[in-house]
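Trainee: I'd like to learn how to read helix packing and salt bridges. Can we work through an example together?

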Amino acid sequence: MGGFFKSSIGRKVAMALSAFFLMVFLLQHFAINLLSVFNPDLFNEVSHFMGTNPLVQFALQPVLIFGVVFHFIMGFVLEIKNKKAQGVAYVKNNGAANSTWMSRNMIWSGAAILAFIVLHFIDFWIPEINTKYIQGDWSGTLEGVEGFRYYEELTHKFVSPIRVGAYVLAFVFLALHLLHGFTSAFQSVGATAGRKKTLQNIGKAYSIIIPLGFIFIALYHHFNH
């Protein structure tokens, strides 16, 4: 296994596999959050199920956190290895001649997304961990709120225009990151032969629709609070 990660191909394949995992999670996360726009009660029910299901909490959640950490660490490792292999300073790299802006700046869009994930954890994940594991409250309710609390907590976070602006900007960076990362992940596992154009079209659709959908959710709740 150590030899696998020491090779350039092995690192790229590992990066691609973690990318696939996170893209599937992103799609699932978007689908649940979209319920908050069209059916708040169903959003509450699904959120409570995900938040109290032992399989999700004690198996899938740790895997997700590991996947996020692994993907970003591997991304920075690959960036460092690439710069060493080039043997030139980053500012002197004339990559524009044969690569896109997104591919040359994956490290920066990734760093912006990482900063957003920290904000997202502060907004949602840490308070959730505190409620369930520190306070021991698994009821999913909130004093003064009828039914489950998840919709109320979600909409409350989107009152501030500054926070909403940060979310919108983060999803713009996510779109830029995905525009290169989606196809690149398939290339790393050799899945683009004979279907590169199709994967590029699917990648563009995914990379635009999903971030735009998250932006819509944030703006919807901001203007309808």
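Predicted model: local features only at pLDDT ≥ 70, side-chain atom pairs only at ≥ 80, totals over all residues.

Trainee: Which residues in H2 and H9 meet?

Mentor: On the H2 side they include Leu-26, Phe-30 and Val-37, and on the H9 side Ile-210, Phe-214 and Tyr-220 are among them. By class, this contact has 12 nonpolar, five polar and no charged residues.

Trainee: Now the charged side chains. How many salt bridges does the count come to?

Mentor: Four. In one of them, the side chains of Arg-163 and Asp-123 meet at 2.8 Å, N to O. Arg-163 is in helix H8 (residues 161–188) and Asp-123 in helix H6 (residues 106–134), so this pair ties together parts that are 40 residues apart in sequence.

Trainee: Is Asp-123 buried or exposed?

Mentor: Buried means under 20% relative accessible area, so Asp-123 counts as buried at 4%. Arg-163, with 26%, is partly exposed.

Trainee: What does Arg-149 form a salt bridge with?

Mentor: One partner is Glu-128, with the closest N and O atoms 3.0 Å apart. Arg-149 also forms a salt bridge with Glu-153, at 2.9 Å between the closest N and O atoms. Through shared partners, salt bridges join Glu-128, Lys-132, Arg-149 and Glu-153 into one network.

Conventions:
Residues numbered from 1 in each chain as written. Heavy atoms only, no water. Contact = heavy atoms within 4.5 Å. Helix = DSSP H or I, 4+ residues; strand = E, 2+ residues; numbered from the N terminus. Nonpolar A, V, L, I, M, F, W, Y, C, P; charged D, E, K, R; others polar. Buried < 20%, exposed > 50% of the residue type's maximum accessible area, 1.4 Å probe, protein only.
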